Amino acid sequence: MLNQTFIMGRLARDPEVRHTQSGVTVCSFTLAVDRDIKDKQTGERKTDWIPVTAWRGTGELVSRYLHKGDSIVVVGRLEIQEWTDRQGNKRTTPNVSAENVYFTGGRRQETAQSYQQQEYEDQQEQNFEELDDDQTELPF
């Protein structure tokens, strides 16, 4: 079976981050996605408000770098959550469980990319040792 969802939109509000009892990061946010077709009477596009949940490292990055109004792409899977309301009625709510989140523009994207670049450079420095300039033989 295949359950793969791709959505692009803007954050409707700042992400909310919390942690499970075992310390796993969970980040929730709502993505505002405009429909392609305009309303015939008003000429306006309707907006879908899609709830998204990002876990662990993905959730940490979203909570750290994204804010209301930022444009992103979410790749994940659609989940239908079932619950019972206070009156005892069974309800369902769609939710996208994010596997990957891509920043699609603006200054915050540059900030996130520079953070990722710095993290990469730090890792690379750990993998190399400095050689003395006066060595005449190559180390291999």
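Student: How do I read the numbers and the confidence?

Tutor: This is a predicted model: local features need pLDDT of at least 70, side-chain atom pairs count only at pLDDT 80 or more, and totals for chains, interfaces and linings use all residues. Residues are numbered from 1 along each chain as its sequence is written, and side-chain values use heavy atoms, with hydrogens and water left out. pLDDT is the predictor's confidence in each residue, from 0 to 100. The chain's mean is 84, and 75% of its residues reach 70 or more. Helix α2 (residues 107-126) is lowest, with a mean of 56. Strand β2 (residues 16-19) is highest, at 96.

Student: Which strands does β6 join, and do they run parallel or antiparallel?

Tutor: Two strands pair if DSSP finds at least two bridges between them. β5 (residues 71-84) runs antiparallel to β6, with 13 bridges. Five residues separate the two in their hairpin, and Gly88 in the turn has a positive phi of about 90 degrees. β4 (residues 45-55) runs parallel to β6 (residues 90-103), joined by three bridges. Thr53 has Ser97 in β6 as its bridge partner.

Student: What is in contact with Val52?

Tutor: Contact means heavy atoms within 4.5 Å. Leaving aside neighbours within four places in sequence, the contacts of Val52 include Ile7, Phe29, Val74 and Ala98.

Terms used. Helices (H or I, at least four residues) and strands (E, at least two) are DSSP runs, numbered from the N terminus.
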